[in-house]
Amino acid sequence: FSQVALPQPTPIEKAIDIVLEARNRQSEATRQQLLDQLKNVLNIQTVGDLRDADDTAWHQLRDGMPLMARLYLKHLVKQSVDLNFMQELECDFNMGQPYDWSSPKLDSNLMQLVGMGFTRKKALEALMFVDNQSVELACNYLFLSEEDQRTQYDKVKHKRARFVPHHQHHSIIQRRREMYDTMLSRQTSQPLKTTTIFTKSSKSSN
């Protein structure tokens with residue numbers, strides 16, 4: 001699950017589908033049963049809601065949700081990747097590497113679009129879509145229907161070929177390196193502790 005991207009606003013249905021696929025239990029009846037438990041018992045609507053659930057909330061699912069389904073779901077929301085909007089744009093248009101969000105040109109273009117009434121989020125999406133070339137090009141994208149925007153977004157993303165899966169974002173890679181280094185450090189320090197104890201025991205016996 002560590003390579004699954006599930007941002008906070010993701011509908012809980014997406015998480016359920018991933019769990020059922022992993023357990024080879026793709027049944028509409030089972031899916032609906034799990035959704036009913038999450039939505040009716042805990043009022044869970046998004047992945048973010050489930051990440052915020054405490055042990056008491058998970059305990060309430062014992063009677064209506066099978067143990068393995070609960071375990072899979074809990075591991076999924078704890079291990080999956082959560083990126084913010086700008087990090088997702090970095091994955092789609094900048095190889096998952098840091099983008100200079102404070103550049104003067106980007107800031108100027110962004111302020112113009114926001115001044116026209118577009119939200120900051122949509123303005124950033126449009127500017128990344130047009131490689132921050134101009135406000136005019138960004139407006140052409142923003143004036144498209146939502147469906148056409150999605151189509152053009154995916155088309156340009158693949159044509160530009162600077163996208164990577166979300167689990168390859170630089171922050172995720174860095175986090176994995178730190179976890180690996182921590183694990184390696186613990187493994188290499190364990191024999192040293194054992195040797196130290198053995199040495200002390202030997203001196204005591206002498």
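How many helices and strands does the secondary structure of the chain come to? It comes to 11 helices and zero strands, where a helix is a DSSP run of H or I with at least four residues, a strand is a run of E with at least two, and numbering starts from the N terminus.

This is a predicted model, in which local features need pLDDT of at least 70, side-chain atom pairs count only at pLDDT 80 or more, and totals for chains, interfaces and linings use all residues. Residues are numbered from 1 along each chain as its sequence is written, and side-chain values use heavy atoms, with hydrogens and water left out.

Of the 206 residues in the chain, 35% are buried (under 20% relative accessible area, with exposed over 50% and partly exposed in between, for a 1.4 Å probe and protein chains only). Among contacts (heavy atoms within 4.5 Å) between residues at least 6 apart in sequence, 63% join residues at least 24 apart.

**Cores**

A nonpolar core is a set of buried Ala, Val, Leu, Ile, Met, Phe, Trp, Tyr and Cys residues joined through side-chain atoms within 4.5 Å. The largest one has 23 residues, of which L38, L50 and L73 touch the most other members.

Not counting residues up to four places away in sequence, L73 touches A15, I16, V19, L38, L50, W58 and M65. A second, separate core of 20 residues includes L110, F118, V135 and A138.

**Helices α7 and α9**

Helix α7 (residues 104-115) packs against helix α9 (residues 135-142) at an angle of about 45°, their axes being 10 Å apart. Axes are lines fitted to C-alpha atoms, for helices over the stretch in contact, and angles run from 0 to 180 degrees between N-to-C directions. The angle makes α7 oblique to α9; angles under 35 degrees count as roughly parallel, over 145 as roughly antiparallel, 65 to 115 as roughly perpendicular and the rest as oblique. On the α7 side the contact is made by N109, Q112 and L113, and on the α9 side by V135, A138, C139 and L142.

**Residue F129**

F129 lies in helix α8 (residues 120-129) and is buried, with a relative accessible area of 11%. Leaving aside neighbours within four places in sequence, F129 is in contact with F93, Y141, Q152, Y153, V156 and R160. F129 and Q152 are 23 residues apart along the chain, and their C-alpha atoms are separated by 8.9 Å.
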